[in-house]
Amino acid sequence: MTRKLATALGALMVGATPALADDWPTQTVTIIVPYAPGGIADIAARTVGDAMSREWGQEVVVDNRTGGAGFVAATAVARADPDGHTLFVADAGVNVVNPFLFDDVPYDPEADFRPITMISDTPLVLSANVDAPFDTTEEFVEYAIENPGELSFGSAGIGSLNHIVPEWINLEAGIDVEHIPYDGGAPAATALASGEVEVGVLALSSVGPYVDSGEVKLLGLAREDRVGSHPDLPTLMEAGIDVAAGQWAGLFAPSAVSDEIAEQIEADVTAFLETDDAAETFGERGAIVSPMSSSDFAELLEELRDQYSGVIEGAGITPD
Amino acid sequence: MGLLESLQLGFATALTMENLLYCLLGVTVGMVVGVLPGVGHLAAISLLMPLTFHVPTTAALVMLAGIYYGAQYGGSIASILLNLPGTASSAVLCLDGYPMTQQGRAGPALLITTIASFFGSCVAILVLVLLAPPLAQLALAFHSADYFAMMILGLVAAGSVASGKPLIGLASVLIGLILALIGIDLNTGAMRFTFGVPELFEGLSIIVLAMALFGVVEVISSIGQPSTGAAAKTRITFRGLLPSRAEFRESLAPMLRGAGVGTGIGVLPGTGGGSMASFMAYAVEKRRSRTPERFGKGAIPGISAPESANNAAAQSAFVPTLTLGIPGDAIMALMLGALLIHGIQPGPRVVTDSPDLFWGLIVSFLIGNLILLVLNIPLIQIWVRILQIPYRYLFPSIILLICLGVYSVSRSPVDVMLVAGLAGAGYLLIRLGFDPAAMLLGFILGPMIEENMRRALRVSRGDFMIFLERPISAGFLTLALLMLLWTGYTALRARRRADAETTDTADTEDQTR
């Protein structure tokens, strides 16, 4: 712990943090999470919160406001005092996809929140039931072209990344794999293992156990680069499909937060995420720490909004 | 690893001082919060979960699990004494447990359910020990079509839960089905009956519905009745707690069947945990009984079977949670979260990868259940005294507890208002003769039937033959058909016999209902 503190402090001193907001934080900092405890967004918030309560000398608590496709949590943050004592850990679903999916979204992810940094990224992987008659991404595309309408993919629900990314693959590769929604990522992984669906683009961590038990095989990684834990697994891009999307969790603040405070949070949190401890904690849970400067994160969000809205429109994903 | 070695590892893990203490803490907290109407245990688990961040994984899980099954013991107490389901899965206990209290037999009812809880848990633990690894594989054999067929069999079997007239029973199930439609439709993402209220996107919570239909409605109906009714008749001596020998003998077979039903339903993922198991066990007993008319009026099998099933399911539900990562209900979902927080990825290999966690947990179930049995029996005399509290103090406290309990689930004031609204509507419907148990049943089964049927048809691209081509599904549907035919046949025969006798008695019976 001392080592962690020392690293964090070191990074702080070296890092370019011009003006520290001396009087912040003056009270408990609350990180609102739109999901139940145990999901990667919650774990990200807790891990960061734990480190920051030591760093800031103020308690950092995680508040799980589940429900309403993230509407409840997001509106709470959007309406909170922008004094930096209320922060938000959100994912692509809540802060990118929702406005393209639902008609009446009571918040505006672009205008209401200021991106601070990405925290973690869980790779998504195109995987298939072990009995499926293809072993690589290329063979899968070939099979889908030869047997139109025969294959199905499982997802964690309408509008989840496990739904959007395969539709994106459909558009890119010109194939038509049918969507079968399940109630969450684990039931989707089970359906893949049981052979009810032939393929799925699911979190590497949720298909991992079935790969070990020999019921599921991995075809390709939906990511720009290969990952250290699976160096032999090629990316979809290597197979000629221009699709990359991760299941990330990022840190946000209400948009009216002062620059000083936002910059201090960014510096402290990214410094922690760069430690070995953080890498290990997230690694154990199948995620990759992804500290990112606030401007890079904002740029990435911009890009994702473009990409996902295109896919959602192109594939005709609508809730009604 | 052999069975004996596994058990040895389990005992070695569960009997460490640390794990024993966490087990004791968990079951005690669970039992106490389970007694409180509302969802005390869900609140307790969500409050304690962040603390477990700093506790070793096995100890954390042992404690959270203890709260979970401890609450199953406590949950039946409020159902029996006050017609208030402490947990959603003990709602069925109201049907025959509360009439027993009204007849002054609260003590025996509580003792029987305590024994049934222990018995059901032990059977399920035994099955887990012997069969856990193959059970995990069972779920992989089930596709959506098979779940659909199983639920249809469940619906047919449970038709008998409704008492009174079949048509109004059917109407009650339909009301439950309609309430279950509220929320985002899983298959299309369409909003159904949400009226733009984000709190309704994920649908009504079963806890809200159970609290409204059983708890609040009971309070409304009891107001104005003399407050000493049940208490005066209840004997609070230790002898008064003992069930008669006949009552005890009558419970044995139902407990065993209940344990079987509960274990079977518990191991299948996504079947809603204990509430479905206890309903099914009740339905099985009522259907098997030679005197089904006694059910709903204080029949002993009507409490022993569902209580045994409910506890069996509470234990066996750990199989899908640990091996597939699919929780049976909201509380299991939190336990799953605790597992993930500690970096343990649930999966088919969790038994082989973390044997100390798995076997330690199972042995801790056994220890926890023993503790609960020892804790519960002397406490029964104290619980029964609740009945002596005058209604003018008791009712406001119950309403307050319900509000707190419901609010604690998702900290949503909307849920509390919903309880008020549903209770008002429920009171009217129940006075008109609608059946609250049947509404709850429709609410539990409806979404599972719909979701799985539509998913199966999507997989088959609209071909209904999928339900007959899969052997598991075809088997369940055949059973359901046979059961329907048998019911029709017996009903017809009974009517003929009734017609042959005097028609007068039938008329008077209709009027008294």
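**Entry 1: two loop residues in chain B**

I started with Phe193(B), which sits in the loop of chain B between strand S2 (191-192) and helix H9 (206-222). I take helices (H or I, at least four residues) and strands (E, at least two) as DSSP runs numbered from the N terminus. The model is predicted, so I kept local features only at pLDDT of at least 70 and side-chain atom pairs only at pLDDT 80 or more, while totals for chains, interfaces and linings use all residues. Residues are numbered from 1 along each chain as its sequence is written, chains are lettered from A and ligands numbered from 1 in the order in which they are written, and side-chain values use heavy atoms, with hydrogens and water left out.

I looked up the backbone of Phe193(B) and found phi near 55°, a positive value in a residue other than glycine. Phe193(B) counts as partly exposed because its relative accessibility is 45%; buried means under 20% relative accessible area, exposed over 50%, and partly exposed in between (1.4 Å probe, protein chains only).

I noted Arg461(B) as well: its phi is positive, about 55°, and it is not a glycine. Arg461(B) lies in the loop between helix H21 (436-459) and helix H22 (466-469) of chain B. With a relative accessible area of 33%, Arg461(B) is partly exposed.

**Entry 2: chain B overall**

I counted 24 helices and two strands in chain B. Its radius of gyration is 22 Å, close to the 24 Å from the globule rule for 513 residues, so chain B is as compact as a globular protein of that length. The radius is taken over C-alpha atoms, and the rule is 2.2 Å times the number of residues to the power 0.38. The C-alpha atoms fill a box of roughly 70 × 60 × 50 Å along the principal axes.

I found 57% of the 513 residues of chain B buried. Of the contacts (heavy atoms within 4.5 Å) in chain B with a separation of 6 or more, 80% are between residues 24 or more positions apart.

**Entry 3: chain A overall**

I counted 12 helices and 10 strands in chain A. Chain A has a radius of gyration of 20 Å, which agrees with the value near 20 Å for a compact globule of 320 residues. Its C-alpha box is roughly 65 × 45 × 30 Å, taken along the principal axes. Buried residues make up 57% of the 320.

**Entry 4: aromatic pairs**

I searched the whole structure and got 21 aromatic pairs over all chains. Rings of Phe, Tyr and Trp (its six-membered ring) pair if their centres lie within 6.5 Å; planes under 30 degrees apart count as stacked, over 60 as edge-to-face and the rest as tilted.

I checked Phe88(A) and Phe113(A): the centres are 5.0 Å apart and the planes at 50°, so this pair is tilted. Phe88(A) is in strand S3 (residues 86-91) and Phe113(A) in strand S4 (residues 113-129) of chain A, so the pair ties together parts 25 residues apart in sequence. Both Phe88(A) and Phe113(A) are buried.

In chain B I looked at Tyr68(B) and Phe318(B), an edge-to-face pair with 6.0 Å centre to centre and 80° between the planes. Tyr68(B) is in helix H4 (residues 57-82) and Phe318(B) in helix H15 (residues 318-324), 250 residues apart. Tyr68(B) is buried at 1% relative accessibility, and Phe318(B) is buried at 4%.

I also recorded one aromatic cluster, made up of Phe71(A), Phe88(A), Phe102(A), Tyr107(A), Phe113(A) and Phe201(B).
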